[in-house]
Amino acid sequence: MVEKREEEMYSKGLILVSAIRQIKGLGDNKFEVVTGLRTFTFRAEKEGERQEWMETLQTATRPPASGSQKRSVSLPHLSSTNKRGLLELRGYKGRVLVSLAGSKVRLCKTEQDFRAGLGICEVELTAANIKEVDRRGFEVNTPFKNFCFVADSEREKQEWVEAINESIAETLYDYEVAEKIWFNQANRSCADCGASQPEWASVNLGVVICKKCAGQHRSLGPSLSKVRSLKLDSSIWSNELVELFLEVGNMNANSFWAANLVLEEELHSGASAEQRASFVRRKYRERKYCKVLEDFNDLEELNQALCAAVVSSDVLQTMELVFSGADVMCATGDPIYSTPYLLAQRAGQKVQMEFLHQNKLSDFPRLGQWSEKSSFPDVSLFMDGFLYVSSGPSKTMPDRRGRDEMACRWCTLEGGFLSYYEKERSPSAIGRLDVTEVVSLAVSNSETMTGAGAVFTIELYLRTERALTVGAETQDTQHDWILALTKCIVPSKVEGLVRKDSELIGRLQYKEGHDLYHWRMGWFMLEGSTLHFSSGEEEADEEVLRLKQLQELTVSTHTEGEDRIQVLLLVESGRTLYIHGFNRMDFALWHSTITMAAGTDGRALGGQQLTKNGVPIIVDSCIAFVTQYGLCQKGVYQTPGDPARVSLLLEEFTRDARNVKLRKKEHKLEDVTDTLKSFLSHTEDALLTKELYPYWVSALDEKEEKQRVKKYSTFIESLPKVYRSTLNALLQHLYRIQQSSHLNEMPSEKLAAVFSCCLFQTQGQTSQEINVIRDLISNYVTLFSVNEEQVQQMETENSFIIRWNEKKDTAFCPAGDLIFEVYLERREPEQCCLIKLSPSMWSSELAEAALSMRNCTFKAEDMWTTFEVIENGELERPLHHKENILEQVLEWSALDCPSSAFLVLKKFAGAKRMAGGKDSRQFLKSDYLKFSDGSTKLLSGHKFQDKYVVLHSEKLLLYRDIKNTKPEKEIQLKMAKCYLGLKKKLKPPTNWGFTVYTDKHQWHFCCDRRETQISWVADIIALKHGSDLQLKTSASKETADLKVSKGGSAVTERSMVPPYKHSFSSEMTDRRVSLGDTDWRTAKNPGVHLKTQSIPKYLKPGNPSETREVSQRRTSMDICLPQPLPPPSIPRHMKPMTLPVLPQASNKMPSKKPTGVGGSMPPNLLNELNLVLTKTGRKSPE
């Protein structure tokens, strides 16, 4: 019985029916409810309502019908109470008694009221949640009202929060899965401590565990144990996973994990959290008690045994092999069934498949390789002394700016535990830390101010997401403790990582570009801006990442199985590294420290964020922008910029140069030029260094320019590496500017006058300084040993930029020095890549470059194709793999809206259909298509009409119908472009069509199916270019797959073949053709049927009698006579695509004169070469 207002959800008073002893009627529509504690009087509006209330209450309180059982005075709700206690309820005067029973919370004024069955209200937890408010407060939020409680202590608050959370979870429980799993009797007790009815499981280990042990399993990390609830995570429990747990069971699982567990070391259900953590770590991470498999000498033998086991029904054998170190993703040797999972799938072993799926991201090193003796640190060390210790382990990131709450304690390091005492002779420790639980160790190499004075601190970060800070009075003492602690943490194999200037040391899980399938455990050390790391394996070398030269540093959230983890991505010189920590706190530490180390550090040139060529990003970005937009600008570098905008741009580069993108619409040319000059003028040391100033000037004493250049070369070689690289980039840029002085009116003399004070950092401009800079600009090619090929490259790029400036529309602007925005799959900001284009870059090379930037492997079978998109996305054209990108982009200036055009990379399945090669002279394709020329004639409008369309001999022919012999229209493919799609304003009858552009006309074709649309477009493009839309798989697979070298530079397989210099000339002396690899297989005749016997005469094959009839009119016709396949395409040499080009003195370009082709070639070989050239659509030499 409750008392409440009609509009309120919760009552002001509550009486349990079991507490009511008597109901008595009174006059004036009143009645009394008598309880053991007090009597309540109620009044109804009408006599009938009063009578109804009294009858209802009497019925509810009436004893059982038999009358033989006497109603118990005791209240049944008392025995079912989960938790009860006094709490302060905000908004209510005084404290209230809160009782938690099942899924309900009852509020009572006093303990006496609770026992009497009286209360204030009852809160149902079914749709509730709980939130911690402050140190002692928490809120129970329901859809109707929030109840805020305050406990007497933080500990009591935590007890209430845990109890209410359990009750809320109980309302969500699904017992179906648990009952199924418990059907195996072994699963009715915890696999670790033996507690009954365990409600959690490690889905990859195959063990069922209790709630307390599950918490320790989580600290192992998802690579060792993936913990899931039997009652809450019902969605992940597939039939196969349940069957796996029934088949394995805790008994079988422990036959491996606890095969050598002695009675004295067994865990009992009443064990403490520390005991559980230690046992779980020894059992699963160290595998101290596990069964050791015999007769396996190396990983290869384990993998072979795994491949044999997965095709059988014995999942226990598979489990033992995987947990002993066999690789779940190992190569099977079968090209189709390449992994153990696929082998199990072929054999129909669903339980095996489920086990392999759950362990695809697990990381169990081979037992012999990671024995306890070799892989775990030395815990036999002993050290003691006074240290300053923080007041207690913190749950959050320590404040690294200052620590007031640090007290001097006597500390001992013994047996792998760091213990600290109040005094040297104190009998018991205040705190104790298991050093093997430390995952990261942060070192402060400068003094930190605390309440006790200045100390040198060490921060210890634990698996349990806590941290402990200790400090030493001197740096030498700090270093001694660091050495002692790291010997307990770091295995002997990677002790070389620990250096005196180490700032951060620890374990992280990582993946590299060449192995993105498995997370590996590695040891990392940060020293300055250099990140050292090693896997700790026997033959593993220490590897290095230069953080200042990172091309990308981003954080993303990855899904690993059912877990979501934060991952830090680092890209340096084409090398990719993914890392993540053991917990959020550990990850935040490494992320913040690496970000700081990779950022700009002061004004020193070496402290800037650098490109992969070792040039400060600010310099590289500015010269790229000026090259694109200032090459033809009169008086470039002489026009002053706005000081406020220049200062703001400098601040942006200082804050994070990697994320500053210079764009024409957003930045003015004069602001960028002043930014570059200001940066060079205010670096810590002059680019030519103040120390060498007298030497530079004294070189002018030499009258001969050749002698001066020789001295300049000597001075340049003595410069630090970053200075030398920066000077190379800057002088190359200025050399290119003065090459176009006929347009920009900036010869080397004027440029020298502008830059002399920047490069020498002097106050004025002396004639000597100007002369030195003029010499450096004019003799750039000699000073940096730039070869003829690279000089030609610069001249070609200059000519393209000049051409662009002559043609470009002001509405369309690329993003820098030959830099264009390329999108991956769709036009969204996060899918955008900025690519530096070489004037000779093909579309296939652009795709390869963009995918490598996004850390994707370029594989020919994926059919990645570059699309040119125009008309606000209505039309898109797949570019042939040999189409020149820059030439296509330059033509956008003729569009009505150039800014709507863009480039996008997509997988194009239509590129596969031409694989096999078709002779363009004998290729024939025809079909009825709906056609419109886009005219606006009064009668026809935009109406599409049926036309018989024929593709043959590099022409597209349109006939009124199949019987006509003379075409109505004829389109030369060499002068046409074919786009997928049709303009919406034409109102096409279907969604599948293509548009053919010529210089003066647009032709619109409509198809009845998408397959037909793709077929026509792919064939038109292939016929126009004389080869397939994509490189042949056999050739491209060898030439296009990206690899990452150990040294960190991105290379491709194309570098394995001799350099091939491409030229658009058809002369034989400009080509190299390999005859040994030619494939002379004959293509099969597809047996195509013609539509009717009446077709234009010249379209018939050589033998008229071979014409065939078909019954269906709408069948597409695709004729290709059998021909030998052309040889695989030979990849050309990849030219430098970045601007500015930074040539190295030792670079040697391939000789211009080809070898193996000349007048002395044997006649039979020459004839064979001519045949190859003819088959591939090339002309033979005259």
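A salt bridge here is a side-chain nitrogen of Lys or Arg within 4 Å of a carboxyl oxygen of Asp or Glu. The structure holds 40 of them. The model is predicted: local features need pLDDT of at least 70, side-chain atom pairs count only at pLDDT 80 or more, and totals for chains, interfaces and linings use all residues. Residues are numbered from 1 along each chain as its sequence is written, and side-chain values use heavy atoms, leaving out hydrogens and water.

**Salt bridges**

| D334 | R346 | 3.6 Å |

Helices (H or I, at least four residues) and strands (E, at least two) are DSSP runs, numbered from the N terminus. D334 sits in the loop between α9 (315-323) and α10, and R346 in helix α10, so their bridge ties together parts twelve residues apart in sequence. D671 in helix α17 (residues 669-681) and R645 in helix α16 (residues 643-656) are 26 residues apart, and their pair links distant parts of the chain. D674 and K677 both lie in α17, three residues apart, about one turn of the helix.

Burial is scored by relative accessible area: buried is under 20%, exposed over 50%, partly exposed in between (1.4 Å probe, protein chains only). D671 is buried at 4%, while R645 is partly exposed at 38%. D674 is buried at 17%, and K677 is buried at 14%. D334 is partly exposed at 23%, as is R346 at 48%.

**Helix α10**

Helix α10 spans residues 340-347, with P340, L343 and A344 buried. Seen down the axis, its buried residues fall within an arc of 95 degrees (taken from the directions from the helix axis to the C-beta atoms), so they line one face of the helix. They pack against α8 (299-309) and α11 (350-358); contact means heavy atoms within 4.5 Å. G348 follows α10 and has a positive phi, near 75 degrees.

**Sheets**

Two strands pair if DSSP finds at least two bridges between them. β3 and β4 (residues 30-35) pair over five bridges. G25 has F31 in β4 as its bridge partner.

Another open sheet has seven strands in the order β10-β8-β7-β6-β13-β12-β11, also antiparallel. Its edge strands are β10 (121-124) and β11 (129-132).
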